[in-house]
Amino acid sequence: MNELIDFIRQPWPWYVAGPLIGLTVPALLILGNKSFGISSSLRHTCAACFPADIPFFKYNWKKEMWNMFFVLGILIGGFIAAMFLSNPEQIRIAESTQADLAALGITDYSSLLPSQIFTWDNLFTGKGLVFFVIGGFMVGFGTRYAGGCTSGHAIMGISNLQWPSLLATIFFMIGGIVSTHFLLPVIFDLFF
């Protein structure tokens with residue numbers, strides 16, 4: 001039993017984790033004719049909890065309860081993994097990445113998210129406004145504008161050979177590269 005726990009605690013290689021994620025698509029399609037995606041669960045939650053006379057939320061959200069349970073499972077699984085199955089070793093980051101992060105002022109690698117950005121103390125500061133409020137709004141707006149999130153488009157849409165999903169995924173990647181190499185240094189210069 002200890003060997004199994006030790007195996008689960010280690011990072012899984014891409015050639016194991018990738019196919020497992022990829023097999024989610026045919027499993028959902030074969031077992032229930034369902035599409036994989038996470039961002040739609042927010043719409044279902046809003047339609048269920050805040051019934052209003054808004055056309056976007058007027059649909060039979062009860063048919064999508066499986067998606068709500070799927071997201072709940074992700075939350076519970078994440079909690080279990082973080083509390084009981086986390087790898088006790090320090091997070092390993094490549095030296096080149098450490099040099100890039102140090103140039104931005106990030107030097108603490110003791111947790112999964114950099115504590116110089118992601119702490120409750122930063123929530124009501126300028127960098128909190130940029131990273132949490134504006135960043136969160138842009139992610140939410142972009143997800144709605146693109147008709148889905150990265151998991152929905154990149155995993156489900158591309159596997160179904162949907163042209164809009166391929167286009168959305170290409171622009172997700174371009175946006176990530178531009179943000180990382182051009183926008184992030186400017187933001188860090190302004191707020192750090």
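Predicted model: local features only at pLDDT ≥ 70, side-chain atom pairs only at ≥ 80, totals over all residues.
Met1, Leu4, Phe7, Ile8, Trp12, Trp14, Tyr15, Val16, Leu20 and Leu23 together make a nonpolar surface patch of about 1100 Å². To join a patch, a residue needs over 30% relative accessible area and no salt bridge; nonpolar side chains (Val, Leu, Ile, Met, Phe, Trp, Tyr) are linked within 5 Å, and like charges within 9 Å. The areas come from the Shrake-Rupley method with a 1.4 Å probe, and for residues only the protein chains shown count as cover.

Which helices supply at least two residues each of the nonpolar patch? They are helix H1 (2-9) and helix H2 (14-22). H2 gives the most, with four residues. Met1 sits in the segment before H1, and Met1 counts as exposed because its relative accessibility is 70%.

Residues are numbered from 1 along each chain as its sequence is written, and side-chain values use heavy atoms, with hydrogens and water left out.

## The whole protein

How many helices and strands are there in the protein? There are nine helices and zero strands, so the pattern read along the sequence is α-α-α-α-α-α-α-α-α, where helices (H or I, at least four residues) and strands (E, at least two) are DSSP runs numbered from the N terminus. The C-alpha trace spans about 50 × 50 × 35 Å along its principal axes.

Of the 192 residues, 16% count as buried. The accessible surface comes to about 13900 Å², and 71% of that belongs to carbon and sulfur atoms. Now for contacts, meaning heavy atoms within 4.5 Å. Among contacts between residues at least 6 apart in sequence, 50% join residues at least 24 apart.

## Spans listed as transmembrane

An unreviewed UniProt entry lists residues 12-31, 66-85, 128-146 and 166-188 under "transmembrane region". UniProt positions are given in the numbering used here, feature names are shortened, and annotations may be inferred rather than shown by experiment.

Two of these spans can be checked against the model. Residues 12-31 are 85% helix and 0% strand, with end C-alpha atoms 26 Å apart. Residues 66-85 are 95% helix and 0% strand, and their end C-alpha atoms also lie 26 Å apart.

## Thr169 and Ser165 in H9

Thr169 lies in helix H9 (residues 163-191), and Ser165 is found in helix H9 as well. Are they buried or exposed? Thr169 counts as buried because its relative accessibility is 15%, and Ser165 counts as buried because its value is 2%.

The backbone oxygen of Ser165 lies 2.8 Å from a polar atom of the Thr169 side chain. Leaving out residues up to four places away in sequence, Thr169 touches His153, Ala154 and Ile158, while Ser165 touches His153, Gly157 and Ile158.

## One salt bridge

A salt bridge here is a side-chain nitrogen of Lys or Arg within 4 Å of a carboxyl oxygen of Asp or Glu. By this rule the count comes to one. Lys58 forms a salt bridge with Asp53, with the closest N and O atoms 3.0 Å apart. Both residues are exposed.

## Glycines and loops

Gly142 is found in helix H7, and Gly142 is partly exposed because its relative accessibility is 29%. Its C-alpha atom is 9.5 Å from that of Phe172, which is 30 residues away along the chain. Gly126 also has its place in helix H7 (residues 126-146).

Asn33 is in the loop between helix H3 (24-32) and helix H4 (40-49), and Leu161 is in the loop between helix H8 (150-159) and H9. Asn33 is exposed, with a relative accessible area of 66%, and Leu161 is exposed at 78%.

Key
Buried < 20%, exposed > 50% of the residue type's maximum accessible area, 1.4 Å probe, protein only. Polar contact = N/O pair within 3.5 Å; in protein donor to acceptor, adjacent residues only side chain to side chain.
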